[in-house]
Amino acid sequence: SDIVGKYARHSEIDSWLINIADQYPTLAKVESIGSSHEGRDMKLIRIGKNNEARTKPIIWIEAGIHAREWVAPATAIYTIHKLLTEYGINPVVTQLMDEFDWLILPSANPDGYEYSHTMDRLWRKTRSRQSGRCTGVDPNRNFDISFGGAGTSTNPCSDIYPGTSAFSESETRNIRDALLSERARIKLFLSFHAYSQLILTPYGYTSIKPSDNQELMRVAEAGVASLKTIHGEMYTAGTPPDLLYAASGGSYDWAKSVAGIQYAYTYEMRPAEASFGQSGFILSESEIIPNAEEVWASLVTIATEIQY
Ligand code: 0X9
Ligand code: ZN
């Protein structure tokens, strides 16, 4: 069944990944990076010409670490589909598959994602048991970078509870271990979120800028410009402390400052803002493809700009 352009369930994403990799055996391979707290598989798809040689630079995409941000996994799925179905047809896709291996984790918080479908549409965290009758840790506060610092709460019931210690969650440990085993080849790390229409540059945890801030901003601004050409949507590039709020323990900050991946960005996708009476996390299914098309255009530009 085709889930492109739909808000699919975790199990549908799983079987779709297996299926599409089967259809393109020379271009794709699915592997598991481990299980979630409730035992769901976390599948990573490796896409690229000759990806089995494991020699090319890697573009890493993690999506859905926040459960309610449904457009993020849906955009990762569109991207996987585009790469595989247009290889050898679309010259841009072909080039980006010849030059990079794409490692895409479309459902980074499977338990939370399922819970947001069955019990609470606005669930954000994991589903591990915490003290005081509370459930879940914010996985984007659970990485070991300024753990428990800015943008966290010590209240286990809070949506920004970072957990009892860094990497307390199976989901973040699985992501950490997969990243560490590939880090030498990863050139670009992307974390897909919603919403606010931003390309966030590092760092999120401090207002101190990395030494290569200018270069990171140049590439992000180029991405914003090409994104706008598709449907006219406006994004802003900059750091979380400058544009949103400081937040520690995030995956892209860890990818940059600990794993040493130079280009690390967090996308906050559609919508730009919540509309009256409705949460910004509730985005019509009809916006998945337009959102993914414009994000794709920015990815092409970013991938092109970082080639050297
Ligand atoms: O708060 C977050 O984790 C992200 N915003 S969201 O609305 N999707 O929850 C921003 C994350 C930026 N990254 C870091 N601050 N590390
Ligand atoms: Zn998020």
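In the predicted model, helix H2 (residues 71-85) and helix H9 (residues 288-305) approach each other with their axes within 9 Å, and the two axes cross at roughly 65°. The crossing is right-handed. On the H2 side, the contact is made by Val 71, Ala 74, Thr 75, Tyr 78, Thr 79 and Lys 82. These residues meet Ile 288, Ile 289, Asn 291, Ala 292, Val 295 and Trp 296 of H9. Sorted by class, the contact of H2 with H9 comprises eight nonpolar residues, three polar residues and one charged residue. An α-helix has 3.6 residues a turn, so residues three or four places apart point the same way.

The length of H9 was checked against its residue count. At 1.5 Å a residue, its 18 residues should span 26 Å, and the end C-alpha atoms are 26 Å apart, so the two values agree. The buried residues of H9 are Ile 288, Asn 291, Ala 292, Glu 294, Val 295, Trp 296, Ser 298, Leu 299, Thr 301, Ile 302 and Ala 303. The elements covering these buried residues include H2, helix H3 (91-99) and helix H6 (213-231), together with strands S3 (58-63), S5 (186-194) and S8 (263-269).

Notes. Residues numbered from 1 in each chain as written. Chains lettered and ligands numbered in written order. Predicted model: local features only at pLDDT ≥ 70, side-chain atom pairs only at ≥ 80, totals over all residues. Axes fitted to C-alpha atoms, helices over the stretch in contact; angles between N-to-C directions. Helix = DSSP H or I, 4+ residues; strand = E, 2+ residues; numbered from the N terminus. Left-handed = near helix turned anticlockwise from the far one by under 90°. Contact = placed C-beta atoms within 7 Å. Nonpolar A, V, L, I, M, F, W, Y, C, P; charged D, E, K, R; others polar. Expected span 1.5 Å × (residues − 1). Buried ≥ 20, exposed ≤ 12 C-beta atoms within 10 Å, placed from the backbone.
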